[in-house]
Amino acid sequence: MVDTFDPIGYSAIPTPPEGFKSGFVGIVGRPNVGKSTLMNALVGQKVAITSPTAQTTRNRLRGILSTDQAQIIFVDTPGIHKPHHELGKILVKNARMAIDSVDTTLFVVDGSVDAGRGDQFVAELLAHSSGPVILGMNKVDQQPEEDGEAIAALDASYQRMADAHGWPLVKFSALHETSLDTLLSTLIDQLDCGPYYYPPNLVTDQPERFIMGELIREQILLNTREEVPHSVAIAVDRVEEDTNITRILATIHVERESQKGILIGKKGSMLKVIGSDARQQIQKLVMGQVYLELFVKVVPKWRQSRSRLEDFGYRVEE
């Protein structure tokens, strides 16, 4: 079960030992470079949804890793991209604000392809940040095997970027969890001595209901394509917990009738698949049986409406 935020738990915050380090680490980068997969791997539990679809993350999500030597609060941010609607503008603004509000920034790039203009754009933003930056090459497991020259060229494209800004460079694979110990050691080296910010048993500060909604959205991202994934907002309307089962009622909001039809599918087939897959993931979260009922509702142009965005929990974070 994911240990989510509980204000009562603050009484369980211990006094740190001498030399204990702590701080907030922002995970930033372009969309689909594996930021959420990395945070899940570092924390050791699934607290952020992942999918092959770009721009999966919408909220600044905190994952908490506590060891004997340090407590690191990872801030997973939306991918930095050129926004095309009001929702996109809010997501990018929140990602940029995260850069200025953390102690250290982990700039994650896709190490299976050469550094591109999008990476350079993020690098220029980070060049003006006040805190230290670590350049993390993810997806090294996808670099061309048995082609040393190609691998060397890929590495060199990011090494030049790191050298230009004086950033340490760490190569790793979040998916296969290789070299993450080296990454953690590098991150801890950049942090100052500090207290526990959260009880050591917590892995996220997000409420359980929020994670339930994200797990439903994840299955929509995995099971649908075209215009549907980015036009979806989830509202968890009701959660009832009994001794033997947790009953959840949630509404999937889309922008067009055609999207509603895709989500429901022929005779409800797609909605049944999404509900079944999401239920299995939520059962891991609550460690018990789950009854999940899903509805689909059309809310035209919700991504362009500030009031609708706020209703669905998307707002510029302070």
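Predicted model: local features only at pLDDT ≥ 70, side-chain atom pairs only at ≥ 80, totals over all residues.
Residue T186 is found in helix α5, which covers residues 180-190. The structure holds three aromatic pairs, and the open sheet is built from three strands.

**Residue T186**

- T186 is buried because its relative accessible area is 16%, and buried means under 20%.
- Leaving aside residues up to four places away in sequence, T186 touches I134, P168 and V170.

**Aromatic pairs**

- The structure has three aromatic pairs. One of them is formed by F20 and Y196, whose ring centres are 4.4 Å apart.
- The ring planes of F20 and Y196 stand at 35 degrees, so this pair is tilted; planes under 30 degrees apart would count as stacked, and those over 60 as edge-to-face.
- F20 lies in the segment before β1 (21-28), whereas Y196 lies in the loop between α5 and α6 (208-223). The pair therefore ties together parts of the chain that are 176 residues apart in sequence.
- Both F20 and Y196 are buried.
- Another pair consists of F107 and W167, with ring centres 6.2 Å apart. Their planes are at 85 degrees, so the pair is edge-to-face.
- F107 belongs to strand β4 (residues 104-110), and W167 to the loop between α4 (148-165) and β6 (169-171). This pair links distant parts of the chain, 60 residues apart.
- F107 counts as buried because its relative accessibility is 0%, and W167 counts as buried because its value is 10%.

**The open sheet**

- Three strands form an open sheet in the order β7-β8-β9, and their pairing is mixed.
- Strands β7 (233-241) and β9 (289-298) are the edge strands, since each pairs on one side only.
- On average, neighbouring strands of this sheet are turned by 15 degrees against each other, with direction ignored.
- Strands of a sheet pair through backbone hydrogen bonds, either parallel or antiparallel.
- Strand β8 (residues 245-254) and β9 run parallel and are joined by 10 bridges.
- T251 stands opposite F295, a residue of β9.

**Helices on the sheet**

- Helix α6 lies across β7, β8 and β9, and runs at about 130 degrees to β7.
- Helix α8 (residues 269-286) also packs on the sheet, where it touches β8 and β9. The direction of α8 makes about 135 degrees with that of β9.

Technical notes. Residues numbered from 1 in each chain as written. Heavy atoms only, no water. Helix = DSSP H or I, 4+ residues; strand = E, 2+ residues; numbered from the N terminus. Buried < 20%, exposed > 50% of the residue type's maximum accessible area, 1.4 Å probe, protein only. Contact = heavy atoms within 4.5 Å. Phe/Tyr/Trp six-rings, centres within 6.5 Å; stacked < 30°, edge-to-face > 60°. Pairing = 2+ DSSP bridges. Axes fitted to C-alpha atoms, helices over the stretch in contact; angles between N-to-C directions.
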